[in-house]
Amino acid sequence: MIRRFTRRSCLALGVIALGLQGTSSAWADEVWPQPGKPIRIVVPLPAGSGSDVAARLLGKLMSDELKGHPVIIENKPGASTFIGAQDVARSAPDGHSLLYTIVITHTQNPHLYAKLPYDPVKDFTPLAQVMKSATVLIAAPNAPFSNLKELVAYGKAHPEKLNYASYSPGSTSHLNAELLQMRTGVKMLHVPYKGATDASRALVAGDVQIYFDGTASAVGLIKAGKAKGIGAATPTRVPALPDLPTIQEQGVDGINIVGWQGVFGGGRMSPALTEKVSAVLSKVSRSKEMLALIETQGNEASGAGAAEFARIVASDSTKWGEVIKAAGIKLD
C-alpha cells in the first residue's frame with residue numbers, strides 16, 4: 001500500500017510540476033518585469049563611453065516607467081563586444097537580461113569572424129533601436145592638414161606614414177578607414193586600441209593622426225579645440241556640427257553607412273513578451289530626456305520597435321558584409 005501510494009504520489013507531483021512549469025512560462029510572459037527580479041542591461045563597451053552614458057539614462061528611464069523596478073547596468077567590454085553579447089546570449093529569454101549594443105555586434109562581427117561565441121540571429125531578439133549614429137573623421141590638433149583634400153594630398157606625398165586609430169579591429173572606425181583607403185588610394189597604417197576612450201586619447205595626444213570617432217566624442221573634441229573636424233561619415237551633415245562638410249561633399253563617395261545603438265533580448269523570446277518589452281523601450285527612447293542626450297551627442301533619435309529594428313539589423317548586415325568582403329578583411 002505504501003509503495004503504491006508513493007508511486008501515485010510521485011506521479012501526481014510530476015503532473016503538478018509540469019503544470020506549474022507551463023503556468024510559470026505563461027506567467028513570465030504576462031507579468032514583466034517579475035517582482036523581485038532586477039532587469040540587467042549589459043553594455044559590451046567601457047564605462048564612460050557615449051553608448052554607456054546612453055544606456056545608463058535608458059536604464060533610469062525604464063525604471064521610472066516600470067514604477068521603480070530596479071534596472072542594473074553591467075559593463076562587460078572587450079573582444080569586439082563578444083564578452084557582453086555572449087553573456088546575454090546565454091541568459092534566459094525572459095526580458096530580464098538585455099544587451100545595449102552598437103552596430104558591430106550583429107552586422108559586422110558575423111562577416112569578420114568565421115566563428116563567433118554567439119549566433120547573431122538565433123541567440124537574440126531585436127527589441128528597439130534607440131538611436132541612429134555615425135562616425136566623424138577627426139584629426140590630431142597638430143596634424144598637417146585640416147580638410148579631406150589636404151589629408152589625401154599629405155597621404156600621397158608621404159606613403160604609409162599616415163596612421164589612423166580604431167577602437168578595435170573590425171569596428172566601424174576601422175572599416176571606414178579601410179573604405180577611405182580604397183576610395184582615395186592613400187595607404188595608411190592601422191593602430192588599434194582597446195576601446196574608444198583610448199583611441200580618442202591617443203589622437204588628442206598626437207600619437208595617431210586621424211580617427212573615425214563616434215559623434216558623441218567627436219563633437220566634444222572638436223568644440224573643445226582638441227581635434228580637427230575633417231568630415232562627417234554620414235549622408236547629411238551632423239546637426240551638432242553644421243559647418244563640417246560630409247566626406248561625400250568633399251568628393252569621396254561610399255563612406256556614409258549610418259550606424260545605430262539598440263537593445264536586444266535573449267533568443268526565442270515569446271511574441272507577447274517581445275512586444276511588451278519593446279513598447280517600454282521605444283517609449284523611453286522617445287522621452288524628452290533621451291532626445292536631449294541624443295541631440296547633445298550629435299546622433300539622431302529613432303525608437304523603432306521590434307519588427308522594424310529586426311528589418312534594420314538584417315539590411316545593415318547585408319551592407320556591411322559587402323563592405324567587409326570588398327575590403328578583404330578577416331579577423332580570425
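User: Which side chain makes a polar contact with the side chain of Thr-105?

Analyst: A polar contact is a pair of N or O atoms within 3.5 Å; within protein, one must be able to donate a hydrogen and the other to accept it, and residues adjacent in sequence count only if both atoms are side-chain atoms. Here the partner of Thr-105 is the side chain of Thr-81, at 2.8 Å. This is a predicted model, where local features need pLDDT of at least 70 and side-chain atom pairs count only at pLDDT 80 or more, while totals for chains, interfaces and linings use all residues. Residues are numbered from 1 along each chain as its sequence is written, and side-chain values use heavy atoms, with hydrogens and water left out.

User: Is Thr-105 buried or exposed?

Analyst: Buried means under 20% relative accessible area, exposed over 50%, and partly exposed in between (1.4 Å probe, protein chains only). Thr-105 has a relative accessible area of 0%, so Thr-105 is buried. You will find Thr-105 in helix α4, residues 104-112; helices (H or I, at least four residues) and strands (E, at least two) are DSSP runs, numbered from the N terminus.

User: What is a salt bridge, and how many does a search of the whole structure find?

Analyst: Side chains of opposite charge can pair when their charged atoms come close. The cut-off is a side-chain nitrogen of Lys or Arg within 4 Å of a carboxyl oxygen of Asp or Glu. The search finds 11 salt bridges. In one of them, Glu-74 meets Arg-40 at 2.8 Å, N to O. That pair links distant parts of the chain, with Glu-74 in strand β2 (residues 71-75) and Arg-40 in strand β1 (residues 39-43), 34 residues apart. Glu-74 is partly exposed at 21%, whereas Arg-40 counts as buried at 17%.

User: How many residues apart are Asp-52 and Arg-56?

Analyst: They are four residues apart in helix α2, about one turn of the helix. Asp-52 is buried, with a relative accessible area of 3%, while Arg-56 is partly exposed at 39%.

User: Where is the salt-bridge partner of Lys-283?

Analyst: The side chain of Lys-283 meets that of Glu-65 at 3.0 Å, N to O. Lys-283 sits in helix α9 (residues 271-285) and Glu-65 in helix α2, 218 residues apart. Glu-65 counts as partly exposed, at 32% relative accessibility. Elsewhere, salt bridges that share partners join Arg-40, Glu-74, Lys-76 and Asp-87 into one network.
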